[in-house]
Each structure stands twice: as structure tokens, then as C-alpha cells.
Amino acid sequence: MPERKATVASRVGLHARPASIFAEAAGEVPVEVTIAMDGDPVDEAMDASSILSLMSLGATHGDIVVLRAEGEGAEEALESLAKIIETDHDAE
């Protein structure tokens, strides 16, 4: 299963606006994507398109998260979603 690590760039972490932007993008990709904190077991990964899941993850600025997806287009989806996490949406 392809995976991609990304560092949370938003100063408030994956909360409110950054979580909303990411969840919307994750819901639009052609594969199901999960997200977990780096080092957490794979079975603890959450639905990346759920704002509630993202906010309960507790990822703060500088934390590393792991995105996973399977299927056609998974690699491209993970890259595009990682870019969203690695952007400081609070600075825009």
C-alpha cells in the first residue's frame, strides 16, 4: 500500500480551516485515503476525508503524519494531499 509522510505546516495544526481544506481535498480524490500520526499502528489510521477524524488526530505544527491509499491514482492522490498538509494555510 503506497504511503507518504508529510509534516504539518499550519501553525494551528490540523484544526479548523486546515482540516476543512484537507478533508474536502481528500474527499475529491479517486481513492480512499487514511491518515495517522507517524509511528501509530496502521489499524489506528482514520478516514482522511472526515473533519472530525482529522481534528481528533491532534496533529500540531511540525508533527509528521502518514497518508496511505490503495488503488489506481493512489500515488498522485497522496502527493497532492501531502502538499496541502505541508502548506501553512494560516499564513494565507
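Start by selecting Asp-38: at 36% relative accessibility it counts as partly exposed, a label for anything between buried (under 20% relative accessible area) and exposed (over 50%), using a 1.4 Å probe and protein chains only. What you're looking at is a predicted model, where local features need pLDDT of at least 70, side-chain atom pairs count only at pLDDT 80 or more, and totals for chains, interfaces and linings use all residues. Residues are numbered from 1 along each chain as its sequence is written, and side-chain values use heavy atoms, leaving out hydrogens and water.

The term means a side-chain nitrogen of Lys or Arg within 4 Å of a carboxyl oxygen of Asp or Glu. Lys-5 is partly exposed too, at 42% relative accessibility.

How many salt bridges does the structure hold? There are five.

For another one, pick Arg-4 and Glu-79: their side chains form a salt bridge at 2.8 Å, N to O. This pair links distant parts of the chain, 75 residues apart, with Arg-4 in strand E1 (residues 3-7) and Glu-79 in helix H3 (residues 74-85). Helices (H or I, at least four residues) and strands (E, at least two) are DSSP runs, numbered from the N terminus.

Glu-86 sits in the segment after H3, so the pair ties together parts 82 residues apart in sequence.

Finally, show Arg-4, Glu-79 and Glu-86 together: they're linked in a network of salt bridges.
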